[in-house]
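Work each one yourself before reading its solution.

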Amino acid sequence: MSIYEDTFFMIYCCVLAGVFGAVLGSFLNCAAWRIAHGESFVKGRSHCTSCGHVLGFLDLIPVFSWIFLGGKCRYCKTKISSRYMLTELFFALVSVLTLLRFDLSPEFVRNMVLACCLFCLSLVDLEIFEIPNGCVLIPVLAWFAAIPFVGMSGMDVLYHVLSGVGYGAVLLALVLLFDKILGKESMGGGDLKLFVVMGLYLGVAASLFALFFSCILGLITGLVQKRGKEGNGPQIPFGPAIALAFYAMLLYGDGLVNWYMGLL
Ligand SMILES: [Zn+2]
């Protein structure tokens, strides 16, 4: 059943997707924090990162808990970063946009799995400048698992697999070349793996746009960071920039690619 059959049903589905997205975002935030701080994310209850108090149900409602508690821990009154609330809102928005773009389809499910992984790896990358392997591996598995359900032809599958592999190979060659010229690491291995996933999902043409946009985003982030902190050459987490450009192209890239192809 399509969400576009009935306006009321569409609004209902969007609200549901928004709530679901905020809850998922909250969970992923917590998972990312635990990965970044080397804690197991399946064991143990959620706790305040400052006083360690185990959080109750009322402390764990996405977005609302943060607002009602005035951005403070209920127990020790330590300020809680608005990052949690903002990222939960952001992921709620991503979920709604994904639903509107892909309707209730197997593609929606597959792309939500991808969105979760991109969101999580971005948060981890921002904190410890590393992209967890699991966040790259799961989208690849999801892509292959979804093949029978998303109506791809054998040629489509081949094109996307070759795009992913080709992308990885070309970028690896470029990175090795730059590393040699610059005499230092120019791009992390995690970023490289992420580009392979991007090629797999988007194909060659849309990936080129995503690469271009992620470079611009990365550059802006770098400039903003440099203004914030003087000296000691800050490390730029490139993961979030790639993730954002990647997902934006997945949602709205078709039109852009078709327009560009029309120009040629
Ligand atoms: Zn506390």
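## Exercise 1: Aromatic rings

F209, F212, F213 and Y260 are joined into a cluster by ring pairs. This is a predicted model, in which local features need pLDDT of at least 70 and side-chain atom pairs count only at pLDDT 80 or more, while totals for chains, interfaces and linings use all residues. Residues are numbered from 1 along each chain as its sequence is written, and side-chain values use heavy atoms, with hydrogens and water left out.

**Task.** How many aromatic pairs does the structure hold, and what is the geometry of the pair Y201 and F246?

**Solution.** 
- Step 1: start with the rule, in which rings of Phe, Tyr and Trp (its six-membered ring) pair if their centres lie within 6.5 Å; planes under 30 degrees apart are stacked, over 60 edge-to-face and the rest tilted.
- Step 2: the structure holds 7 aromatic pairs.
- Step 3: the ring centres of Y201 and F246 are 6.0 Å apart and their planes lie at 65 degrees, so this pair is edge-to-face.
- Step 4: Y201 belongs to helix α7 (residues 189–228) and F246 to helix α8, so the pair ties together parts 45 residues apart in sequence. Helices here are DSSP runs (H or I, at least four residues), numbered from the N terminus.
- Step 5: both Y201 and F246 are buried, where buried means under 20% relative accessible area, exposed over 50% and partly exposed in between (1.4 Å probe, protein chains only).
- Step 6: for F212 and F213, the centres are 5.7 Å apart and the planes at 55 degrees, so the pair is tilted. F213 has 32% relative accessibility and therefore counts as partly exposed.

## Exercise 2: Two helices side by side

**Task.** Describe how α3 and α8 cross, and say which residues make the contact.

**Solution.** 
- Step 1: two packed helices are described by the angle between their axes and the distance between the axes. Axes are lines fitted to C-alpha atoms, for helices over the stretch in contact, with angles from 0 to 180 degrees between N-to-C directions.
- Step 2: the axes of α3 (residues 83–102) and α8 (residues 239–263) come within 10 Å and cross at roughly 25 degrees.
- Step 3: α3 is therefore roughly parallel to α8 (under 35 degrees; over 145 is roughly antiparallel, 65 to 115 roughly perpendicular and the rest oblique).
- Step 4: the contact (heavy atoms within 4.5 Å) is made by F90, V94, L97, T98, R101 and F102 of α3 with L244, Y247, L250, L251, Y252 and D254 of α8.
- Step 5: these residues divide into 9 nonpolar, 1 polar and 2 charged (Ala, Val, Leu, Ile, Met, Phe, Trp, Tyr, Cys and Pro are nonpolar, Asp, Glu, Lys and Arg charged, and the others, Gly among them, polar).
- Step 6: look at D254 in helix α8. Its relative accessibility of 49% makes D254 partly exposed. Leaving aside neighbours within four places in sequence, D254 is in contact with R101 and M249.

## Exercise 3: Positive phi

**Task.** Where is V63 found, and where is D103?

**Solution.** 
- Step 1: most residues other than glycine have a negative phi.
- Step 2: V63, not a glycine, has a positive phi near 60 degrees. V63 is found in the loop between α1 (7–36) and α2 (64–68), and V63 is buried, at 10% relative accessible area.
- Step 3: D103 is not a glycine either, yet its phi is positive at about 60 degrees. D103 is found in the loop between α3 and α4 (106–128), and D103 is buried, with a relative accessible area of 17%.
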